[in-house]
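Please look over the sequence and the three-dimensional structure below before reading on.

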Amino acid sequence: MRKLNIAVIGCGNIANYAHLPNLSEIEQVNLVATCDTIEERAKQAASKFKVSKFFTDYRDVLELKDLDAVVIATPPDTHKEIAVDAIKSNKHVFLEKPLAATLEDAYTIYRTWKKSNVKFAVGFCLRHHGMFKYAKKLIEDNVVGEPVALWRVAIGTAIGVLPPVSWLVEKSKSGGMVIENTIHMIDSFIWFAGDITSALAQYKTERKGISIEDNAYIIFTHKNGAFSSVLQSWTATHTYESWGIVGKEGTVSVKGYVLGTMEVSGKNESLREVTIKEDPIVMYKKEMEDFISSIIEDKPVFASPLDGLKAIDAAVAAEKSSIENKPVRLPLVEY
Ligand SMILES: NC(=O)c1ccc[n+]([C@@H]2O[C@H](COP(=O)([O-])OP(=O)(O)OC[C@H]3O[C@@H](n4cnc5c(N)ncnc54)[C@H](O)[C@@H]3O)[C@@H](O)[C@H]2O)c1
(Lines give C-alpha, C1' and ligand atoms only; values in the text may rest on other atoms or scores of the structure.)
Protein backbone atom coordinates (compact mmCIF):
# COMPACT_ATOMS: atom_id res chain seq x y z
CA MET A 1 0.00 0.00 0.00
CA ARG A 2 1.13 3.54 -0.78
CA LYS A 3 2.37 5.47 2.25
CA LEU A 4 0.57 8.68 3.21
CA ASN A 5 2.50 11.87 2.46
CA ILE A 6 2.28 14.13 5.48
CA ALA A 7 3.55 17.62 6.31
CA VAL A 8 3.87 19.20 9.76
CA ILE A 9 2.95 22.89 10.00
CA GLY A 10 4.30 24.54 13.16
CA CYS A 11 7.58 23.14 14.49
CA GLY A 12 7.49 24.26 18.12
CA ASN A 13 7.11 22.42 21.44
CA ILE A 14 4.44 19.82 20.76
CA ALA A 15 5.59 19.08 17.20
CA ASN A 16 9.17 18.41 18.33
CA TYR A 17 8.21 16.57 21.51
CA ALA A 18 5.45 14.38 20.06
CA HIS A 19 4.21 14.70 16.49
CA LEU A 20 7.45 14.72 14.48
CA PRO A 21 9.03 11.79 16.37
CA ASN A 22 5.77 9.85 16.38
CA LEU A 23 5.05 10.40 12.69
CA SER A 24 8.58 9.33 11.80
CA GLU A 25 7.99 6.03 13.59
CA ILE A 26 4.66 5.21 11.92
CA GLU A 27 5.23 2.79 9.06
CA GLN A 28 2.44 4.05 6.80
CA VAL A 29 3.73 7.64 6.92
CA ASN A 30 6.10 9.49 4.63
CA LEU A 31 7.04 12.82 6.24
CA VAL A 32 7.44 15.05 3.19
CA ALA A 33 7.71 18.59 4.57
CA THR A 34 8.03 20.76 7.64
CA CYS A 35 6.85 24.34 7.88
CA ASP A 36 7.32 27.14 10.39
CA THR A 37 7.18 30.91 10.00
CA ILE A 38 10.54 30.86 11.81
CA GLU A 39 12.73 29.36 9.08
CA GLU A 40 15.35 27.98 11.46
CA ARG A 41 12.70 25.87 13.22
CA ALA A 42 11.40 24.40 9.96
CA LYS A 43 14.95 23.71 8.82
CA GLN A 44 16.06 22.12 12.09
CA ALA A 45 13.01 19.89 12.25
CA ALA A 46 13.54 18.80 8.63
CA SER A 47 17.14 17.97 9.33
CA LYS A 48 16.46 16.15 12.63
CA PHE A 49 13.61 14.04 11.25
CA LYS A 50 15.14 13.49 7.78
CA VAL A 51 12.47 15.39 5.86
CA SER A 52 13.48 16.55 2.39
CA LYS A 53 11.59 19.87 2.17
CA PHE A 54 10.97 22.76 4.55
CA PHE A 55 8.89 25.91 4.13
CA THR A 56 8.00 29.14 5.92
CA ASP A 57 4.58 29.61 4.27
CA TYR A 58 1.98 26.88 4.78
CA ARG A 59 0.36 27.77 1.44
CA ASP A 60 3.45 26.41 -0.33
CA VAL A 61 3.01 23.17 1.63
CA LEU A 62 -0.58 22.82 0.45
CA GLU A 63 0.60 23.06 -3.16
CA LEU A 64 2.87 20.03 -2.83
CA LYS A 65 1.98 17.34 -5.34
CA ASP A 66 0.71 14.09 -3.76
CA LEU A 67 0.37 15.59 -0.26
CA ASP A 68 -2.30 13.61 1.63
CA ALA A 69 -2.52 15.28 5.02
CA VAL A 70 -1.22 18.02 7.30
CA VAL A 71 -0.57 18.06 11.03
CA ILE A 72 -1.14 21.60 12.31
CA ALA A 73 0.63 22.49 15.56
CA THR A 74 0.61 26.29 15.50
CA PRO A 75 -0.86 28.72 18.08
CA PRO A 76 -4.70 28.72 18.31
CA ASP A 77 -5.29 32.08 16.59
CA THR A 78 -3.70 30.70 13.39
CA HIS A 79 -5.77 27.51 13.30
CA LYS A 80 -8.72 28.84 11.30
CA GLU A 81 -6.78 30.17 8.35
CA ILE A 82 -4.50 27.15 8.00
CA ALA A 83 -7.18 24.51 8.66
CA VAL A 84 -9.73 26.09 6.30
CA ASP A 85 -7.15 26.37 3.49
CA ALA A 86 -6.06 22.77 4.09
CA ILE A 87 -9.65 21.52 3.88
CA LYS A 88 -10.24 23.56 0.72
CA SER A 89 -7.08 21.99 -0.76
CA ASN A 90 -8.68 18.62 -0.01
CA LYS A 91 -6.02 17.55 2.52
CA HIS A 92 -6.80 15.48 5.58
CA VAL A 93 -6.14 17.42 8.77
CA PHE A 94 -4.88 16.68 12.26
CA LEU A 95 -5.25 19.93 14.20
CA GLU A 96 -3.92 20.47 17.68
CA LYS A 97 -6.46 21.55 20.28
CA PRO A 98 -8.17 23.93 20.76
CA LEU A 99 -10.09 23.97 17.47
CA ALA A 100 -9.54 27.76 17.47
CA ALA A 101 -9.06 30.72 19.79
CA THR A 102 -12.65 31.93 19.35
CA LEU A 103 -16.09 30.39 18.87
CA GLU A 104 -16.47 32.23 15.54
CA ASP A 105 -13.26 30.72 14.14
CA ALA A 106 -14.14 27.29 15.50
CA TYR A 107 -17.54 27.49 13.83
CA THR A 108 -15.98 28.48 10.50
CA ILE A 109 -13.65 25.46 10.64
CA TYR A 110 -16.55 23.18 11.56
CA ARG A 111 -18.79 24.49 8.74
CA THR A 112 -15.99 24.22 6.16
CA TRP A 113 -15.21 20.65 7.24
CA LYS A 114 -18.93 19.67 7.15
CA LYS A 115 -19.04 20.53 3.45
CA SER A 116 -15.86 18.53 2.70
CA ASN A 117 -14.84 14.89 2.43
CA VAL A 118 -11.60 15.12 4.41
CA LYS A 119 -10.79 13.34 7.64
CA PHE A 120 -10.26 15.92 10.37
CA ALA A 121 -9.02 14.98 13.86
CA VAL A 122 -8.71 17.38 16.78
CA GLY A 123 -5.84 16.69 19.21
CA PHE A 124 -7.88 15.70 22.25
CA CYS A 125 -5.12 13.33 23.32
CA LEU A 126 -6.69 12.42 26.69
CA ARG A 127 -9.15 10.21 24.79
CA HIS A 128 -6.10 8.02 24.10
CA HIS A 129 -4.70 7.96 27.59
CA GLY A 130 -4.99 4.61 29.38
CA MET A 131 -6.62 6.05 32.52
CA PHE A 132 -9.17 8.12 30.60
CA LYS A 133 -10.02 5.14 28.37
CA TYR A 134 -10.39 2.96 31.44
CA ALA A 135 -12.70 5.52 33.10
CA LYS A 136 -14.83 5.55 29.94
CA LYS A 137 -14.99 1.73 30.00
CA LEU A 138 -16.05 1.78 33.67
CA ILE A 139 -18.96 4.01 32.67
CA GLU A 140 -19.92 1.79 29.72
CA ASP A 141 -19.52 -1.49 31.65
CA ASN A 142 -21.80 -0.12 34.39
CA VAL A 143 -19.11 -0.37 37.07
CA VAL A 144 -19.27 3.41 37.51
CA GLY A 145 -22.38 3.63 35.35
CA GLU A 146 -24.08 6.80 34.20
CA PRO A 147 -22.12 9.85 35.45
CA VAL A 148 -23.73 11.97 38.16
CA ALA A 149 -20.90 14.32 39.19
CA LEU A 150 -17.51 14.80 37.57
CA TRP A 151 -14.60 16.95 38.68
CA ARG A 152 -11.17 18.19 37.89
CA VAL A 153 -8.98 20.18 40.24
CA ALA A 154 -5.96 21.62 38.46
CA ILE A 155 -4.08 23.77 40.90
CA GLY A 156 -0.82 24.57 39.20
CA THR A 157 2.03 26.93 38.94
CA ALA A 158 2.18 26.98 35.12
CA ILE A 159 2.70 30.57 34.12
CA GLY A 160 3.98 31.69 37.50
CA VAL A 161 7.08 29.53 37.20
CA LEU A 162 7.59 28.43 33.60
CA PRO A 163 9.08 30.83 31.09
CA PRO A 164 6.02 32.35 29.38
CA VAL A 165 5.15 31.21 25.87
CA SER A 166 4.23 34.72 24.78
CA TRP A 167 1.16 33.73 22.75
CA LEU A 168 -0.19 31.70 25.68
CA VAL A 169 -0.74 34.75 27.89
CA GLU A 170 -2.32 36.81 25.10
CA LYS A 171 -6.08 36.31 24.98
CA SER A 172 -6.41 37.06 21.25
CA LYS A 173 -3.77 34.45 20.42
CA SER A 174 -4.50 31.55 22.77
CA GLY A 175 -8.16 32.14 23.65
CA GLY A 176 -7.18 32.12 27.35
CA MET A 177 -6.36 29.46 29.96
CA VAL A 178 -9.74 27.74 29.66
CA ILE A 179 -9.89 27.60 25.85
CA GLU A 180 -6.22 26.66 25.51
CA ASN A 181 -5.83 24.29 28.43
CA THR A 182 -8.98 23.41 30.38
CA ILE A 183 -10.48 22.45 27.00
CA HIS A 184 -8.84 18.99 27.34
CA MET A 185 -10.92 18.24 30.41
CA ILE A 186 -14.05 19.89 29.04
CA ASP A 187 -13.83 17.48 26.10
CA SER A 188 -13.35 14.57 28.52
CA PHE A 189 -16.41 15.64 30.53
CA ILE A 190 -18.48 15.67 27.32
CA TRP A 191 -16.98 12.31 26.26
CA PHE A 192 -17.85 10.81 29.66
CA ALA A 193 -21.22 12.43 30.40
CA GLY A 194 -22.64 13.75 27.11
CA ASP A 195 -23.52 17.22 25.86
CA ILE A 196 -23.35 20.24 28.16
CA THR A 197 -26.47 22.38 28.46
CA SER A 198 -25.36 25.18 30.80
CA ALA A 199 -22.31 26.84 32.35
CA LEU A 200 -21.85 28.83 35.54
CA ALA A 201 -18.40 30.27 36.16
CA GLN A 202 -16.11 32.81 37.78
CA TYR A 203 -12.82 33.88 36.16
CA LYS A 204 -9.98 35.96 37.63
CA THR A 205 -6.67 37.36 36.44
CA GLU A 206 -4.19 37.57 39.31
CA ARG A 207 -0.94 37.94 37.46
CA LYS A 208 -0.07 41.43 36.18
CA GLY A 209 0.65 42.15 32.52
CA ILE A 210 -1.32 39.30 30.94
CA SER A 211 -4.65 39.40 29.11
CA ILE A 212 -5.91 35.90 29.95
CA GLU A 213 -7.69 34.53 33.02
CA ASP A 214 -5.30 32.61 35.26
CA ASN A 215 -7.86 31.25 37.74
CA ALA A 216 -11.27 29.80 36.89
CA TYR A 217 -14.03 27.91 38.62
CA ILE A 218 -16.66 26.39 36.33
CA ILE A 219 -19.73 24.24 36.89
CA PHE A 220 -21.32 22.65 33.83
CA THR A 221 -24.69 20.88 33.68
CA HIS A 222 -25.04 18.03 31.19
CA LYS A 223 -28.11 16.99 29.24
CA ASN A 224 -28.54 13.87 31.42
CA GLY A 225 -28.58 16.06 34.57
CA ALA A 226 -24.98 15.31 35.59
CA PHE A 227 -22.79 18.20 36.64
CA SER A 228 -19.08 18.60 36.10
CA SER A 229 -16.76 21.13 37.67
CA VAL A 230 -13.27 22.46 37.09
CA LEU A 231 -11.23 24.52 39.50
CA GLN A 232 -8.09 25.61 37.71
CA SER A 233 -5.32 27.95 38.82
CA TRP A 234 -2.08 28.95 37.18
CA THR A 235 -0.91 31.07 40.11
CA ALA A 236 -0.49 28.55 42.92
CA THR A 237 2.80 28.10 44.77
CA HIS A 238 2.63 24.31 44.55
CA THR A 239 0.72 21.83 42.44
CA TYR A 240 -2.36 19.89 43.52
CA GLU A 241 -4.39 17.88 41.02
CA SER A 242 -7.22 15.37 40.92
CA TRP A 243 -10.12 14.29 38.73
CA GLY A 244 -12.86 11.71 38.82
CA ILE A 245 -16.39 10.60 38.25
CA VAL A 246 -19.17 9.72 40.66
CA GLY A 247 -21.55 7.47 38.75
CA LYS A 248 -24.90 5.84 39.54
CA GLU A 249 -23.14 2.52 40.25
CA GLY A 250 -19.64 3.45 41.40
CA THR A 251 -16.84 5.96 41.63
CA VAL A 252 -13.50 6.44 39.95
CA SER A 253 -11.03 8.97 41.32
CA VAL A 254 -7.51 9.96 40.36
CA LYS A 255 -4.99 11.71 42.59
CA GLY A 256 -2.95 13.65 40.05
CA TYR A 257 -3.62 13.93 36.30
CA VAL A 258 -2.16 11.79 33.51
CA LEU A 259 0.47 10.31 35.82
CA GLY A 260 -1.87 10.00 38.80
CA THR A 261 -3.07 7.13 40.94
CA MET A 262 -6.50 5.74 40.19
CA GLU A 263 -8.97 4.25 42.67
CA VAL A 264 -12.22 2.51 41.76
CA SER A 265 -15.15 1.34 43.86
CA GLY A 266 -18.70 0.27 43.12
CA LYS A 267 -21.92 -0.87 44.73
CA ASN A 268 -20.70 -4.42 44.04
CA GLU A 269 -16.96 -3.75 44.17
CA SER A 270 -14.78 -2.85 47.12
CA LEU A 271 -12.20 -0.09 46.75
CA ARG A 272 -9.25 -1.09 44.57
CA GLU A 273 -6.26 0.73 43.16
CA VAL A 274 -5.70 0.57 39.42
CA THR A 275 -2.17 1.06 38.17
CA ILE A 276 -1.97 2.59 34.72
CA LYS A 277 1.41 4.27 34.50
CA GLU A 278 1.73 5.59 30.99
CA ASP A 279 4.21 8.10 29.67
CA PRO A 280 2.21 10.94 28.03
CA ILE A 281 4.10 10.33 24.77
CA VAL A 282 2.05 7.12 24.38
CA MET A 283 -1.27 8.97 24.06
CA TYR A 284 0.23 11.30 21.44
CA LYS A 285 1.45 8.28 19.45
CA LYS A 286 -1.94 6.59 19.68
CA GLU A 287 -3.86 9.68 18.56
CA MET A 288 -1.59 9.99 15.51
CA GLU A 289 -1.92 6.26 14.68
CA ASP A 290 -5.68 6.66 14.99
CA PHE A 291 -5.66 9.64 12.61
CA ILE A 292 -3.58 7.71 10.06
CA SER A 293 -5.80 4.62 10.26
CA SER A 294 -8.95 6.77 9.93
CA ILE A 295 -7.58 7.87 6.51
CA ILE A 296 -6.35 4.45 5.41
CA GLU A 297 -9.39 2.50 6.61
CA ASP A 298 -11.90 5.28 5.94
CA LYS A 299 -13.25 5.20 9.50
CA PRO A 300 -14.35 8.03 11.83
CA VAL A 301 -11.67 9.97 13.71
CA PHE A 302 -11.47 9.77 17.52
CA ALA A 303 -12.32 13.47 18.00
CA SER A 304 -13.92 15.47 15.19
CA PRO A 305 -14.38 19.21 14.57
CA LEU A 306 -17.86 18.77 16.09
CA ASP A 307 -16.20 17.59 19.33
CA GLY A 308 -13.79 20.53 19.06
CA LEU A 309 -16.67 22.94 18.56
CA LYS A 310 -18.73 21.57 21.46
CA ALA A 311 -15.79 22.01 23.83
CA ILE A 312 -15.18 25.61 22.71
CA ASP A 313 -18.89 26.34 22.92
CA ALA A 314 -18.83 25.23 26.57
CA ALA A 315 -15.64 27.19 27.31
CA VAL A 316 -17.05 30.37 25.75
CA ALA A 317 -20.33 29.92 27.63
CA ALA A 318 -18.32 29.64 30.87
CA GLU A 319 -16.52 32.90 30.16
CA LYS A 320 -19.80 34.61 29.25
CA SER A 321 -21.24 33.38 32.55
CA SER A 322 -18.32 34.88 34.45
CA ILE A 323 -18.72 38.24 32.68
CA GLU A 324 -22.52 38.34 33.08
CA ASN A 325 -22.49 36.76 36.54
CA LYS A 326 -25.29 34.33 35.69
CA PRO A 327 -25.67 30.83 34.22
CA VAL A 328 -25.45 30.62 30.43
CA ARG A 329 -27.36 28.06 28.39
CA LEU A 330 -25.77 26.13 25.53
CA PRO A 331 -25.38 25.74 22.61
CA LEU A 332 -24.35 29.26 21.66
CA VAL A 333 -24.16 28.22 18.00
CA GLU A 334 -26.17 25.74 15.97
CA TYR A 335 -24.51 22.37 15.27
N1 LIG B 1 -2.26 18.19 23.06
C2 LIG B 1 -1.44 18.72 23.95
O3 LIG B 1 -1.25 18.17 25.01
C4 LIG B 1 -0.74 20.01 23.61
C5 LIG B 1 0.43 20.38 24.30
C6 LIG B 1 1.05 21.57 23.93
C7 LIG B 1 0.52 22.38 22.95
N8 LIG B 1 -0.64 22.00 22.32
C9 LIG B 1 -1.24 22.84 21.27
O10 LIG B 1 -0.40 22.79 20.12
C11 LIG B 1 -0.37 24.07 19.48
C12 LIG B 1 1.07 24.56 19.44
O13 LIG B 1 1.56 24.70 20.75
P14 LIG B 1 3.13 24.69 21.07
O15 LIG B 1 3.26 24.61 22.54
O16 LIG B 1 3.83 23.68 20.24
O17 LIG B 1 3.52 26.17 20.58
P18 LIG B 1 4.92 26.72 20.12
O19 LIG B 1 4.83 28.20 20.18
O20 LIG B 1 6.03 26.03 20.83
O21 LIG B 1 5.00 26.24 18.58
C22 LIG B 1 4.16 26.78 17.59
C23 LIG B 1 5.03 26.99 16.33
O24 LIG B 1 4.18 27.43 15.27
C25 LIG B 1 4.89 28.40 14.50
N26 LIG B 1 3.91 29.19 13.77
C27 LIG B 1 3.13 30.21 14.21
N28 LIG B 1 2.32 30.64 13.22
C29 LIG B 1 2.58 29.87 12.15
C30 LIG B 1 2.06 29.83 10.82
N31 LIG B 1 1.10 30.67 10.42
N32 LIG B 1 2.57 28.91 9.96
C33 LIG B 1 3.56 28.06 10.35
N34 LIG B 1 4.10 28.05 11.59
C35 LIG B 1 3.60 28.95 12.48
C36 LIG B 1 5.69 29.18 15.55
O37 LIG B 1 6.78 29.86 14.96
C38 LIG B 1 6.11 28.06 16.50
O39 LIG B 1 7.37 27.51 16.15
C40 LIG B 1 -1.34 24.95 20.27
O41 LIG B 1 -2.61 24.89 19.69
C42 LIG B 1 -1.35 24.31 21.65
O43 LIG B 1 -2.56 24.56 22.34
C44 LIG B 1 -1.24 20.83 22.62
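**From the whole chain to single residues**

Among contacts in the protein chain between residues at least 6 apart in sequence, 69% join residues at least 24 apart, where two residues are in contact if their C-beta atoms, placed from the backbone, lie within 7 Å. This is a predicted model, in which local features need pLDDT of at least 70 and side-chain atom pairs count only at pLDDT 80 or more, while totals for chains, interfaces and linings use all residues. Residues are numbered from 1 along each chain as its sequence is written.

The protein chain holds eleven helices and 15 strands, these being DSSP runs numbered from the N terminus (helices are H or I with at least four residues, strands E with at least two). Its C-alpha trace spans about 55 × 45 × 40 Å along the principal axes. A compact globule of 335 residues would have a radius of gyration near 20 Å, and the protein chain, with 20 Å, agrees with this; the radius is taken over C-alpha atoms, and the globule rule is 2.2 Å times the number of residues to the power 0.38. Of the 335 residues, 49% are buried, a term that asks for 20 or more other C-beta atoms within 10 Å of the residue's own, whereas exposed means 12 or fewer and partly exposed lies in between, with C-beta atoms placed from the backbone.

Helix α4 (residues 79-88) and helix α5 (residues 103-114) pack at an angle of about 5 degrees, with their axes 9 Å apart; the axes are lines fitted to C-alpha atoms over the stretch in contact, and angles run from 0 to 180 degrees between N-to-C directions. The two helices α4 and α5 are therefore roughly parallel to each other, as angles under 35 degrees count as such. On the α4 side the contact is made by His79, Lys80, Ala83, Val84 and Ile87, and on the α5 side by Asp105, Thr108, Ile109, Thr112 and Trp113.

Around the ligand there are 24 residues, the closest being Gly10, Gly12, Asn13, Ile14 and Glu96; a residue counts here if its C-beta atom, placed from the backbone, lies within 6 Å of the molecule. Helix α1 (residues 13-25) gives the most to this shell, with three residues.

Finally, Lys204 is found in strand β8 (residues 196-204). Lys204 counts as partly exposed because it has 13 C-beta neighbours inside 10 Å. Leaving aside residues up to four places away in sequence, Lys204 touches Glu213 and Asn215.

Notes. Parallel < 35°, antiparallel > 145°, perpendicular 65-115°, else oblique.
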